[in-house]
Amino acid sequence: MADMVAAFLVPGYSPDKTFTDPDLDELKHAMAAQGALLSGVTSGWGEQSVQDFGQRALEQLQHCEYNGILIGHSLGALAALSIVDQIPLRHLVLCSPSALFSEDINTNLDPALAQRIGQKRVQELKFFSALDASSLVNDLRIPTTILFGEKECELHPYLVARCGQLASVIANAELIEVAGAAHFIGEQPYANELARVVGRIATELTVD
């Protein structure tokens with residue numbers, strides 16, 4: 001483990017699933033094959049707001065091995081954006097960041113997703129803009145990679161549009177479409193591509 005880079009995952013929304021669930025084992029194994037140790041939030045979202053979940057991630061990150069690579073998936077990507085100025089951060093990886101940006105909530109572009117996460121969280125997200133948070137990423141000059149699954153172009157077109165928009169407003173952001181992938185990072189081919197990206201980032205950080 002001493003030679004492995006350590007990354008931290010802020011998982012997507014689920015009331016009770018955690019980083020320790022078996023459905024993320026394939027991702028962890030793929031990461032290990034690329035020389036990356038993956039840890040993450042070990043408690044479910046429950047009733048926490050996005051920013052509260054970000055603070056939970058911050059608390060747990062401080063007790064994990066961590067080398068400055070922060071990964072946020074889906075709604076967890078918004079939680080990750082909420083803490084970028086509170087942690088040592090060398091590279092930010094946003095995986096299929098949720099289309100529930102304040103801009104989408106206010107125009108009702110994705111009511112099905114809004115219904116799934118509950119009205120209380122929807123109300124909070126009306127005042128949290130990932131696009132606004134991206135300006136802080138620029139201020140801090142955080143290298144950023146954004147991924148989304150090819151199948152999401154049909155399944156979640158607003159999400160894909162926001163990925164492109166984020167990549168356009170974050171300076172020098174890298175945007176990657178994962179061929180053949182849907183939304184979940186624990187499944188192939190998303191898991192292998194994310195692991196490959198993190199492994200490449202780790203190599204670049206080591207060289208620097």
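Student: What percentage of the 208 residues in the protein chain is made up of buried residues?
Tutor: This is a predicted model, where local features need pLDDT of at least 70, side-chain atom pairs count only at pLDDT 80 or more, and totals for chains, interfaces and linings use all residues. Residues are numbered from 1 along each chain as its sequence is written, and side-chain values use heavy atoms, with hydrogens and water left out. Buried means under 20% relative accessible area, exposed over 50%, and partly exposed in between (1.4 Å probe, protein chains only). Of the 208 residues, the buried share is 56%.

Student: How many helices and strands are there in the protein chain?
Tutor: Both are DSSP runs, numbered from the N terminus: helices are H or I with at least four residues, strands are E with at least two. The count for the protein chain is 10 helices and six strands.

Student: What is the radius of gyration of the protein chain?
Tutor: It is taken over C-alpha atoms, and the globule rule is 2.2 Å times the number of residues to the power 0.38. For 208 residues that rule gives 17 Å. The chain's value is close to this, so the chain is as compact as a globular protein of that length, with a radius of gyration of 16 Å.

Student: Which residue in β6 is the bridge partner of L147?
Tutor: L147 is in β5, where it stands opposite C95. β5 and β6 pair in the parallel sense over five bridges. In β6, the partner of L147 is I176.

Student: Why is β5 largely enclosed by the rest of the structure?
Tutor: T144, I146 and F148 point one way from β5, and T145, L147 and G149 point the other way. All of these are buried. β5 is largely enclosed because its buried residues number six of the six.

Student: Within what arc do the buried residues of α7 fall, seen down its axis?
Tutor: In α7 (residues 130-140), A130, L131, A133, S134 and V137 are buried. They line one face of the helix, because the arc, that of the directions from the helix axis to the C-beta atoms, is 145°.

Student: Which residues on the other side of α7 are exposed?
Tutor: Look away from the buried face of α7. The exposed residues there are D132 and D139.

Student: What is the relative accessible area of F8?
Tutor: F8 has its place in strand β1. Leaving aside neighbours within four places in sequence, its contacts include L38, A57, L61 and I71. F8 is buried, with a relative accessible area of 0%.

Conventions
Contact means heavy atoms within 4.5 Å. Two strands pair if DSSP finds at least two bridges between them.
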